[in-house]
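Please read it alongside the sequence and the structure shown here.

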Amino acid sequence: MRRQNLKLRSYVTIGMLSSIAFLLMIIKFPLPWFPVFLQIDFSDVPPLVAAITMGPIAGILVEFFKNLLDWIFSGAPTGVPVGHMANFATGILFILPVYYIYKKFTSVKGLTVGLIVGTLTMSLGMSILNYFAFLPMYASLLGWEFNMYETVVLGILPFNVIKGILLMFVAIVLFRTMKTWIENQRSQYLLQK
């Protein structure tokens, strides 16, 4: 019975965190000197909380549902959710390294190291994915022309580094204020497995 309650609670928690992430995704802002399609939002924080407290699958599901909700409500300029696929990949590249490092070192220091590695993984991974997949998709579907190298090196790479630093700051502040709750959730979800 306890296992069923925990399973139901995890579904509800994933749904709540997905909704919060979706709302955070709506509140975005551009950074000066970067292409207009690159905007900062803090919607990767709820999936990070889900991954740390319930495991990587929960974090991935929150990333998926927030992008699905945003696509349903906002649409995509191409009809194909290229931006949402890119956002999903960005989130996965960010949260998974944090989860695996924090799993080994459950402290603020472990979280900080995980966030740094997550930022680097996200920045380098999205540079590669944008160069070979997402920017060519935009170019094909919208007829945009890019200097791929310049867009990636001067736009996408530094943008993701800045985004990662901002996410790192928010995550550390959140962790410090919610440490007891996070540890309680981890003990219920992750240590029961």
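Among contacts in the protein chain between residues at least 6 apart in sequence, what percentage join residues at least 24 apart?

1. The share is 71%. The model is a predicted one, and the points below should be read accordingly.

2. The protein chain contains 6 helices and 2 strands. Read from the N terminus, the order of elements is α-β-β-α-α-α-α-α. The radius of gyration is 17 Å, close to the 16 Å given by the globule rule for 193 residues, so the chain is as compact as a globular protein of that length. The C-alpha trace spans about 55 × 35 × 25 Å along its principal axes, and 45% of the 193 residues count as buried.

3. The largest nonpolar core comprises 26 residues, and L48, I52, F94, L111 and L115 are those with the most contacts inside it. Two or more residues each are given to this core by helix 2 (45-54), helix 4 (82-104), helix 5 and helix 6. Helix 4 supplies the largest share, namely 8 residues. As regards L48, its contacts beyond four places in sequence are F94, I95, V98, L115 and A171.

4. Helix 3 (residues 56-74) deserves a check of its length. After helix 3 comes G75, with a positive phi near 75 degrees.

5. Helix 6 (residues 148-189) gives another result. With 42 residues, a straight helix would reach 62 Å at 1.5 Å a residue, but the end C-alpha atoms of helix 6 are only 43 Å apart. Helix 6 also has a kink of about 80 degrees, centred on M178.

6. S123 lies in helix 5 (residues 108-142). Is S123 buried or exposed? Its relative accessible area is 2%, which is under the 20% cut-off, and therefore S123 is buried. A polar atom of the S123 side chain lies 2.7 Å from the backbone oxygen of T119. Leaving aside residues up to four places away in sequence, S123 touches L157, N160 and V161.

Key:
Residues are numbered from 1 along each chain as its sequence is written. This is a predicted model: local features need pLDDT of at least 70, side-chain atom pairs count only at pLDDT 80 or more; totals for chains, interfaces and linings use all residues. Side-chain values use heavy atoms; hydrogens and water are left out. Helices (H or I, at least four residues) and strands (E, at least two) are DSSP runs, numbered from the N terminus. Buried means under 20% relative accessible area, exposed over 50%, partly exposed in between (1.4 Å probe, protein chains only). A polar contact is a pair of N or O atoms within 3.5 Å; within protein, one must be able to donate a hydrogen and the other to accept it, and residues adjacent in sequence count only if both atoms are side-chain atoms. Contact means heavy atoms within 4.5 Å. The expected span of a helix is 1.5 Å times one less than its number of residues. The bend at a residue is the angle between axes fitted to the seven residues ending there and the seven starting there. A nonpolar core is a set of buried Ala, Val, Leu, Ile, Met, Phe, Trp, Tyr and Cys residues joined through side-chain atoms within 4.5 Å. The radius of gyration is taken over C-alpha atoms; the globule rule is 2.2 Å times the number of residues to the power 0.38.
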